[in-house]
Amino acid sequence: MRKLWALYLKEMLESVRSYKLIWIPVVFIVLGIMQPLVSFYMADILALSSNVPAGLMENMERPAASSVMAQALGQYGTIGMLILVLGTMNSLAGERSSGTSELLMAKPVSSISVVAAKWTANFTVLVIAIGLGAAGAAYYTVQLMGALSWRDVIAASGLYALWLLCAVSLTLLFSAWLRGPAAAGLSLLLAAVMSLVHGLLPVKLNWMPASLPGMSAGVLADGGTGVSLAPIVSAVLLIIICIAGASLLAGRNKLPV
């Protein structure tokens, strides 16, 4: 555990030096507070536009606070996921290209410790980012749109964080095999395919991790009456498989540089 803790502190120090621990949470905060602000001032924005059809403003209703909060979390499924994947893509690929991984593997540390430390550091950044972003979004939603259940906000944010963690874990796995940009592209493609397949067959494939964003929105809408354990379990299994696969690939050290 001491070695794992030391490796984790090393990864966190690198996150500070590369400013990843700063700019990723800042992006998440901006994404989070934009949605309630845009929703609240949408009528004014449209009123300033010269090509708004007559009668549109009269029938326009302000969305519910829970809907605005769900849309704010939805921002993390596109831009937020892209930011996290870009911040993770060189976790193993960058060290392999620079030769740092060979020096690290020459020391008495296991590959699983190295990968687990990197995964935990990226998990820490994700939790800080979505925690601050969701808190900012919830604060402005309550101030501008109406009351929210903080318990539901925390539960919905946790479910969305689990989906994002799947993408981060996939990126870490592919980073042990491919160069950084290829790892990022492949993990984003796989996440998009999972979302597309789940969207085509939402009932039969409601066990997939891709159903977590919809479940998160459901928690905000109805308090989580439709929450199922199946997608949570499948997401945890996917994460464990990614960590194990990345450890095996990093331990072989026969990867193309």
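Which residues does Leu164 touch, not counting residues up to four places away in sequence? In this predicted model, Leu164 touches Phe28, Tyr76, Met81, Leu84, Leu126 and Ile130. The chain holds eleven helices and zero strands, and Leu164 belongs to its largest nonpolar core.

**Overall fold**

- Read along the sequence, the pattern is α-α-α-α-α-α-α-α-α-α-α.
- Taken along the principal axes, the box filled by the C-alpha atoms is roughly 70 × 40 × 35 Å.
- Of the 257 residues in the chain, 44% are buried.
- The accessible surface comes to about 13,100 Å², and carbon and sulfur atoms account for 69% of that surface.
- When contacts between residues at least 6 apart in sequence are considered, 80% of them join residues at least 24 apart.

**Largest nonpolar core**

- This core comprises 61 residues, of which Met69, Trp163 and Leu164 touch the most other members.
- At least two core residues are supplied by each of α2 (20-48), α3 (65-74), α4 (79-88), α7 (111-144), α8 (150-175), α9 (180-200), α10 (212-222) and α11 (230-252).
- Helix α8 provides the largest share, with 16 residues.
- In soluble globular proteins, nonpolar side chains tend to be buried together.

**Ser157 in helix α8**

- Ser157 is found in helix α8.
- Its relative accessible area is 9%; Ser157 is therefore buried, as the value lies under the 20% cut-off.
- Leaving aside neighbours within four places in sequence, Ser157 is in contact with Leu73, Ile130 and Ala134.
- Ile130 is also among the residues that Leu164 touches.

**Helix α9**

- At 1.5 Å a residue, the 21 residues of α9 should span 30 Å, and the end C-alpha atoms are 30 Å apart, so the two values agree.
- The buried residues of α9 are Gly180, Ala183, Ala184, Ser187, Ala191, Met194 and His198.
- An α-helix has 3.6 residues a turn, so residues three or four places apart point the same way.
- The cover over the buried residues of α9 includes α4, α5 (93-98), α8 and α11.
- On the face turned away from the buried side, α9 carries the exposed residues Pro181, Leu189, Leu196, Gly199 and Leu200.

Notes: Residues numbered from 1 in each chain as written. Heavy atoms only, no water. Core = buried A, V, L, I, M, F, W, Y, C linked by side-chain atoms within 4.5 Å. Buried < 20%, exposed > 50% of the residue type's maximum accessible area, 1.4 Å probe, protein only. Helix = DSSP H or I, 4+ residues; strand = E, 2+ residues; numbered from the N terminus. Contact = heavy atoms within 4.5 Å. Expected span 1.5 Å × (residues − 1). Areas by Shrake-Rupley, 256 points an atom, 1.4 Å probe, with all protein chains shown as cover.
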